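This briefing concerns the salt bridges and strand pairing of the structure shown below. Please keep the sequence and the coordinates at hand while reading.

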Amino acid sequence: QLQLVESGGGLVQPGGSLRLSCAASEFTLNYYFMGWFRQAPGKEREGVSCISSDGSSTVYADSVKGRFTISRDNAKKMVYLQMNSLKPEDTAVYYCAADLRFRGVVRTCKAPEYGHWGQGTQVTVSS
C-alpha cells in the first residue's frame, strides 16, 4: 500500500518561498506519476503541478507557472514542490498524490486521475 506524507507547509509572507516535500513508502516510486494539488476553503481541489514517472515531463497550472517547480528523486522516494514568489491566493491545503503509470508523458494534472493521496499540509501566505 503506497503511503504519502507531506511536509514543509507553514506561514509565509507574500513574496516568500516554501519547499514542500512528499515522502513515499513505495520503493518502486518510479512506476508512478506524481502530482501536487491544493484545496482552499470553499473551493474544489485543483491540480498545481504533475510530473511523469521518470521526471522527464511536467505540467503546471497557469496560476503557478514561473513560480513553482516540481521535482522528484526516485532513489530517495521523494517528490518536491519549490514555491517562490508566493501570493495570498496560494493559501490552501497542499496534497501530494500518486498514480500508477510506468511510463509516458504527463499532459494533464487532474485530481480524479490520481488514486493515492497524502493527508495534506497547510500553506498560508499572509502578512
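At 1% relative accessibility, D90 counts as buried, where buried means under 20% relative accessible area, exposed over 50%, and partly exposed in between, with a 1.4 Å probe and protein chains only. The model is a predicted one, in which local features need pLDDT of at least 70 and side-chain atom pairs count only at pLDDT 80 or more, whereas totals for chains, interfaces and linings use all residues. Residues are numbered from 1 along each chain as its sequence is written, and side-chain values use heavy atoms, with hydrogens and water left out.

**Salt bridges**

- The structure contains five salt bridges, each defined as a side-chain nitrogen of Lys or Arg within 4 Å of a carboxyl oxygen of Asp or Glu.
- D90 is joined to R67 by one of these contacts, with an N to O distance of 2.8 Å.
- This pair connects distant parts of the chain, 23 residues apart: D90 sits in the loop between β8 and β9 (92–100), and R67 in the loop between β6 (58–60) and β7.
- Like D90, R67 is buried, its relative accessible area being 10%.
- R38 and E46 also form a salt bridge, their closest N and O atoms lying 2.6 Å apart.
- In that pair R38 is buried at 5% relative accessible area, whereas E46 is partly exposed at 34%.
- In the salt bridge between D99 and R101, the closest N and O atoms are 2.5 Å apart.
- D99 is buried, with a relative accessible area of 17%, while R101 is partly exposed at 28%.
- One network, built from salt bridges that share partners, brings together R38, E46, R67 and D90.

- Strands are DSSP runs (E, at least two residues) numbered from the N terminus, and two of them pair if DSSP finds at least two bridges between them.
- Strand β8 covers residues 78–83 and is mostly covered, with five of its six residues buried.
- Strand β3 (residues 18–24) runs antiparallel to β8 and is joined to it by six bridges.
- Within this pairing, R19 has Q82 of β8 as its bridge partner.
- Strand β7 (residues 68–73) is likewise antiparallel to β8, again through six bridges.

**The β7–β8 hairpin**

- Four residues lie between β7 and β8, which together form a hairpin.
- In the turn, K77 has a positive phi of about 60°.
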